Every structure is written in structure tokens, then in C-alpha cells.
Amino acid sequence: MNGTDWDIEAIRKDFPILDEKIYGKPLVYLDNAATTQKPLSVLDKLEDYYRKYNSNVHRGVHLLSQEATEAYEIARRKIAHFINAKSDKEVIFTKGTTDSINLVANCFGRRFLKEGDIVLISAMEHHSNIVPWQITCEEHGGELKVIPIHENGELNMEAFDQLIDTPKLKFLSITYVSNTLGTVNPIKEIIVKAHQRNIPVLVDVAQAVQHIPLDVQDLDAEFVAFSGHKMYGPTGVGCLYGKTEWLDKLPPYQGGGDMIKEVTFAKTEYNVIPFKFEAGTPDISGAIVLGEAVDYMTKLGIENIQKWEHYLIQYAVEQLRNIPNIRFIGEAKNRAGAISFLVGKIHPFDLGELLDKQGIAVRTGHHCTQPLMDIFSIAGTVRASFALYNTKAEIDKLITGVEKAASILG
Ligand SMILES: Cc1ncc(COP(=O)(O)O)c(C=O)c1O
């Protein structure tokens, strides 16, 4: 894609917030790794649900409840299809990536982790893929080991090759794409090597599922976690994909309604997957609306989205490179979604603030990757992150904005 065969004007019209008349001022939104904006079809679907078929799921015999249940399960099927799961039973609705990882860390830890066992993560993980494992290790006497990265933000695969042979290694949990560096990890190679040692793998695809075609059967990871709000869907809902045999052998995460077959005071028989992991009333509207977001991405084509965003990122890197004293934090050959940088000695917050004054929304700070900031000996970065509706003109505005801010602050 060269930037001409993507009908960007029509696409932008799908997103009300990008309309100056609606938002009230021009907006260059480059904080998509934090959350994406929502298309009209998604907004409409949410209203539609509450207006026309709001009801609890899996419980009532009445028609309204059946309609809500059907819509909820259709959404599950759409998501299963989008990530090419073998069965929709392998898709569990959660609150998002954080919740999905906590579920696996908690349940895996309770069932399988013993004193002295090792869990492996990487140096570029989001706090969501560090802290749940720390908690689990603390509770069960396990230990966390970390795959280091190179100066350019790529994973150190030589170190990985050694760490994967660590005696008593029991689990590998790793991100596909770094939310801070934009690095795309060689995830298939990593999974194959883990499987050669019988190590189960969780892949955090929070920053991949909206940018890269995802086929969980091909990926072959035991677990995959993602959030709805980073893929044009609502906040408060996300998914955990898990292979049937693994979901079957993990104990339940939380107890309550829907996750049971039969309850007596003496004993509870748990429900089958996916319901075993969906205790209580789920985010029904969220799940249904996430299904609509998946439809939206499917309509545009994830391969087309990927090409467009690749074009934008290449252009942004080329242009940013011309800014005097720019330092990229992360320069991996294979990258997606985000670019992190610093300019001279300017504090990222100051730069971010001046960009905001020019109507350009970027993220500043540690991006929930404090240990990664420590590795680079920095407090934070400025991060521009991209979505399918961003334009080359917006990148030009970013460049002008950074130049202007640097001339004031530098
Ligand atoms: C790589 C990665 N993992 C996990 C998360 C956590 O996602 P959520 O806050 O939606 O649970 C994020 C959010 O930025 C992320 O970028």
C-alpha cells in the first residue's frame, strides 16, 4: 500500500470524535496504544443493545434473555473466527488483557507452580504481564526470570535460547508487540522453542491483534490475551483465548453464578468452558459491541490495516529522524503500532504538554513499563502510536509540533 489506495477520508468519517465539529477542535490522536477511538457502528450497537434487547444472559427462559444470550454468543463466535480459534469455547470474555493474564497466572500458579519453579517473561513486558506473575511466584515460592533485550529494543534471542533451558522452568509469558518500543517479537520461533521443552506459553497480544493478522492455531500458544478497547471496541471487556485441554485442566478463577453446573453446601460441580471462567453477570453489552468492532476491522481487512499502518510508521520514523537530537527508544527492524522517542534533554512531559497545546495527543511517561525504562536509564518517553484512521498529514503535524516544542524548550 502506498497511501493512495486506502480511502482514509471515508474511514475517518466513521469516527465521530475525529470530526472537528463534534469534538469542538481539531484532534490529532496519536495515543492509540492506550486506547483507540470507536467507529459509529460500534457506538450504535451499544445503544441498540440497551434500547432493544437488554437482558441478562444464560439465565432466563424469556425471549429477551434468549435474544441477549444469542447476541452474546454470536459475538464470541465472531471473535473466535477473527483469531481463528478451533472452537468458540476457547474464547473467554474477561475485563481485558490485565484480567486475562491475572486469570492464567492465578489458576496456573494454584494448580502447577511449586517451590523453586521458574516463570519466564521478557524485559519489555507491560506491568500487566509482570505483576500477576510476581504475585503468583510470591504465593507459591516460584521465581521470575527475565529475557533481556538489545540496545535497539529487540529481544536478545541468544539469551532466550539459554533461559529456555533453565531447569524447573514451568511457564513463559511474553508480549507479541511491545507497547513502548513497538518491537514485534519473533513470536512463532519463541513458541516453537518453548514447546520443544514442553513449556506452555501465554502471548500478550494487546498491541498486536489490532495491527497484525492473528491465527491462534498457527501461533500455537496455549493462551492469548487481549483487550477490546485497543481494537476499536469498548473498555471493560477483553478476551482470553486458551487451548481447550489447558482451560479444562486449570481450576476456576472466581466462583459465582454461571460458572457452576450444580451447587450444594457440601460441593460445587463447575460448568464447562468457557462458562467455567465467566463467574457472575458478564459485560454483556461490551462483548456484543466488541463483536461489532471485530466486524468493522474484518470489513476493512486486517491485512489492509497492517499495510496502511506500516506505511504510516515508516513515514513517521523517516520524518522524525530529521529532528536534531532525537533519540529513538526502540529501533527494532520489525515494528508495529508505536514509536517512542526523546529530544535532547527535554523532559517527555514538557514535550507532551506542548504537543497537546497544538492539539496533538501523544502519551508521555513510562507506559506501564517501568523496568524497561530502568534498562534505558530514562524516566519515560514520548510515544506516538497509530491506528487505521491516522494520516500522513497528521504525522506532518506531529513533526512540526515536535520541532516547535523543541525550539521553545531546547
Ligand atoms: C502490551 C500490553 N499488555 C497489557 C496491557 C493492559 O491492557 P488493559 O489495561 O486493557 O488490561 C496493555 C495496555 O496498554 C499493553 O499495551
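Glutamate 331 is partly exposed, with 37% relative accessible area (buried is under 20%, exposed over 50%, partly exposed in between, using a 1.4 Å probe and protein chains only). Arginine 321 is also partly exposed, at 48%. These two form a salt bridge, meaning a side-chain nitrogen of Lys or Arg within 4 Å of a carboxyl oxygen of Asp or Glu. Glutamate 331 sits in the loop between β11 (326–328) and β12 (338–343) and arginine 321 in helix α12 (residues 302–321), so the pair ties together parts ten residues apart in sequence. Helices (H or I, at least four residues) and strands (E, at least two) are DSSP runs, numbered from the N terminus.

A quick word on the model: it's predicted, with local features needing pLDDT of at least 70 and side-chain atom pairs 80 or more, while totals for chains, interfaces and linings use all residues. Residues are numbered from 1 along each chain as its sequence is written, and side-chain values use heavy atoms, leaving out hydrogens and water.

The structure holds 20 salt bridges, including these:

| Pair | Closest N and O atoms |
|---|---|
| Lysine 193 and glutamate 189 | 2.9 Å |
| Lysine 243 and aspartate 220 | 3.0 Å |
| Glutamate 331 and arginine 321 | 3.2 Å |

Lysine 193 and glutamate 189 share helix α8 (residues 187–196), four residues apart, or about one turn. Lysine 193 is buried at 18%, while glutamate 189 is partly exposed at 37%. Lysine 243 is buried too, at 12%, and aspartate 220 is partly exposed at 32%.

Then there's helix α11: 14 of its 17 residues are buried, so the rest of the structure largely encloses it. Glycine 301 follows α11 and has a positive phi, near 95°.
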